[in-house]
Amino acid sequence: MKYINQVTEVYRVDTEEEVQAFIEDLKTNAMEEGYILKSCAYTLKEKKSRGDVVDSAWQLKVVKEHATFWDC
């Protein structure tokens, strides 16, 4: 039998405010959707061309734990 224990998701988000709101949504929905929010981290990514920033966005990495190893 195979079980999903942990999932890592990566999102692209436009603003830091949207990142923080999305993290809050994940925290409030965790119990309903059956996971524990293990970690969240976000960093600003910039695309550069010849030294100039041409695009930027926030990268959000989320780790969700659906069951511990021994719970399955």
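In these legends a residue is termed buried at under 20% relative accessible area, exposed at over 50%, and partly exposed in between. The model shown is predicted.

**Figure 1. Overall fold of the predicted model.** The protein contains 1 helix and 3 strands, which follow one another along the sequence in the pattern β-α-β-β. Its radius of gyration is 16 Å, whereas a compact globule of 72 residues would have one near 11 Å. The C-alpha trace spans about 50 × 25 × 15 Å along the principal axes. Of the 72 residues, 19% count as buried. The protein exposes about 5700 Å², and carbon and sulfur atoms supply 50% of that area. When contacts between residues at least 6 apart in sequence are considered, 62% of them join residues at least 24 apart.

Figure 2. The protein carries 10 positive and 14 negative side chains. The centres of these two sets lie 10 Å apart. The structure holds 3 salt bridges, one of which is formed by the side chains of Lys64 and Glu9, with an N to O distance of 3.3 Å. This pair links distant parts of the chain, with Lys64 placed in strand 3 (residues 52-65) and Glu9 in strand 1 (residues 6-13), 55 residues apart. Lys64 has a relative accessible area of 8% and is therefore classed as buried. Glu9, at a relative accessible area of 21%, is partly exposed.

**Figure 3. The salt bridge between Arg12 and Asp55.** The side chains of Arg12 and Asp55 meet in a salt bridge with an N to O distance of 3.4 Å. Because Arg12 lies in strand 1 and Asp55 in strand 3, the pair ties together parts that are 43 residues apart in sequence. Arg12 has a relative accessibility of 59% and so counts as exposed. Asp55 is partly exposed, its relative accessible area being 35%.

**Figure 4. The salt bridge between Lys27 and Glu24 in helix 1.** The closest N and O atoms of the salt bridge between Lys27 and Glu24 are 3.7 Å apart. Both residues belong to helix 1 (residues 16-33). They are 3 residues apart, about one turn of the helix. Lys27 counts as partly exposed at 49% relative accessibility. Glu24 is likewise partly exposed, with a relative accessible area of 43%.

Figure 5. Glu65 lies in strand 3. Although buried, Glu65 has no salt bridge. The nearest side chain of opposite charge belongs to Lys38, 4.0 Å away. Leaving out residues up to four places away in sequence, Glu65 touches Asn5, Gln6, Tyr35, Ile36 and Lys38. Among these contacts, Asn5 is located in the segment before strand 1. Asn5 has a relative accessibility of 23%, and therefore counts as partly exposed. Asn5 and Val19 are 14 residues apart in sequence, while their C-alpha atoms are 25 Å apart in space.

Figure 6. Val13 is part of strand 1. At 11% relative accessibility, Val13 counts as buried. When neighbours within four places in sequence are set aside, the contacts of Val13 are Glu18, Val19, Ala57 and Trp58. Val13 and Ser56 are 43 residues apart in sequence, and the C-alpha to C-alpha distance between them is 9.6 Å.

Figure 7. Arg50 occupies the loop between strand 2 (36-49) and strand 3. Most residues other than glycine have a negative phi. Arg50, although not a glycine, has a positive phi of about 55 degrees. The relative accessible area of Arg50 is 85%, so the residue is classed as exposed.

Notes:
Residues numbered from 1 in each chain as written. Predicted model: local features only at pLDDT ≥ 70, side-chain atom pairs only at ≥ 80, totals over all residues. Heavy atoms only, no water. Helix = DSSP H or I, 4+ residues; strand = E, 2+ residues; numbered from the N terminus. Rg over C-alpha atoms; globule rule 2.2 N^0.38 Å. Buried < 20%, exposed > 50% of the residue type's maximum accessible area, 1.4 Å probe, protein only. Contact = heavy atoms within 4.5 Å. Areas by Shrake-Rupley, 256 points an atom, 1.4 Å probe, with all protein chains shown as cover. Lys, Arg positive; Asp, Glu negative; His and termini not counted. Charge placed at Lys NZ, Arg CZ, Asp CG, Glu CD.
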